[in-house]
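The sequence and structure come first.

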Amino acid sequence: MGGRGVAGFDASALVALRAAAGFSQEELAGLARGHGAQVAGPHICLYERGRRTPRLGTLSALASALNVPLAELLQREVAGDLAWLRVRKGLSQRGLASALGIAQARWSRIERGQSTLDDHCVPLAAKLLGITEVRLRGALAAARRQPRG
């Protein structure tokens, strides 16, 4: 994944799940390192305060360390949010784009509503995202309706 963290990361969920598991920030960081993350206690603190957002690999490692599905560390779905749907399945933009046979930059533009997904890619994309084609088409339309900054 690029230089940005995961869209839709829920800092309060991380706090609650860590507390429920009875881990200190340093203990959680150690467990996450065992799952491939490169984090320390201060990183967990920054994530929990919302001052930093973990990348997908780190978020996956945190979910594994907490023994919860990755989606538990995400804000509840914003209707039609393509990035949320992708991350919920543990997919990077590059990974999803590669599986679809398109460039990562193109998928990024699709998520931002600046490009469209070819019709022949919709069935595979829906399958990869674990949603119906109808729901995917709705999410694609919603992305195109979003104001661009």
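## Helix 4

Eight of the 11 residues of helix 4 are buried, so this helix is largely enclosed by the rest of the structure. Buried means under 20% relative accessible area, exposed over 50%, and partly exposed in between, with a 1.4 Å probe and protein chains only. Helices (H or I, at least four residues) are DSSP runs, numbered from the N terminus. The model is predicted: local features need pLDDT of at least 70, side-chain atom pairs count only at pLDDT 80 or more, and totals for chains, interfaces and linings use all residues. Residues are numbered from 1 along each chain as its sequence is written, and side-chain values use heavy atoms, with hydrogens and water left out.

The buried residues of helix 4 are Leu 56, Thr 58, Leu 59, Ala 61, Leu 62, Ala 63, Ala 65 and Leu 66. Their cover includes helix 1 (11-21), helix 2 (25-33), helix 3 and helix 5, where contact means heavy atoms within 4.5 Å. Just after helix 4, Asn 67 has a positive phi of about 60°.

## Nonpolar core

A nonpolar core is a set of buried Ala, Val, Leu, Ile, Met, Phe, Trp, Tyr and Cys residues joined through side-chain atoms within 4.5 Å. The largest one has 42 residues, of which Leu 14, Trp 107, Leu 117 and Leu 136 touch the most other members. Helix 4 (residues 56-66) gives the largest share of this core, seven residues.

Not counting residues up to four places away in sequence, Leu 117 touches Leu 100, Ile 102, Arg 106, Trp 107, Ile 110, Val 122, Ala 125, Leu 136 and Leu 140.

In helix 6, Gln 93, Leu 96, Ala 97 and Leu 100 are buried. They cover an arc of only 100° around the axis, which puts them on the same side of helix 6; the arc is that of the directions from the helix axis to the C-beta atoms. The exposed residues Arg 94 and Ser 98 are on the face turned away from the buried side of helix 6. Helix 5, helix 7 and helix 8 pack against the buried residues of helix 6.

Helix 8 (residues 122-129) has Val 122, Ala 125, Ala 126 and Leu 129 buried. Seen down the axis of helix 8, these fall within an arc of 100°, so they line one face of the helix. They pack against helix 5 (82-88), helix 6 (93-100) and helix 9 (133-145). Gly 130 follows helix 8, with a positive phi near 70°.

## Ser 115

Ser 115 lies in the loop between helix 7 (104-111) and helix 8. Its relative accessible area is 18%, and Ser 115 is buried. Not counting residues up to four places away in sequence, Ser 115 touches Arg 106, Arg 109 and Ile 110. The C-alpha atoms of Ser 115 and Arg 144 are separated by 8.0 Å, while the two residues are 29 residues apart along the chain.

## Second largest pocket

On a 1 Å grid over the protein atoms alone, a pocket is an open set of points where a 1.4 Å probe fits, with protein on both sides within 12 Å along at least five of seven lines; lining residues have an atom within 4 Å of a point. The second largest pocket has a volume of about 240 Å³, volume being the space filled by probe spheres set on the points, which are joined across faces, edges and corners.

The lining of the second largest pocket has 15 residues, and Gln 38, Tyr 47, Arg 52, Arg 55 and Thr 58 lie nearest the centre. Helix 3 (41-48) and helix 4 each supply at least two residues of this lining. By class, the lining has four nonpolar, eight polar and three charged residues; Ala, Val, Leu, Ile, Met, Phe, Trp, Tyr, Cys and Pro count as nonpolar, Asp, Glu, Lys and Arg as charged, and the others, Gly among them, as polar.
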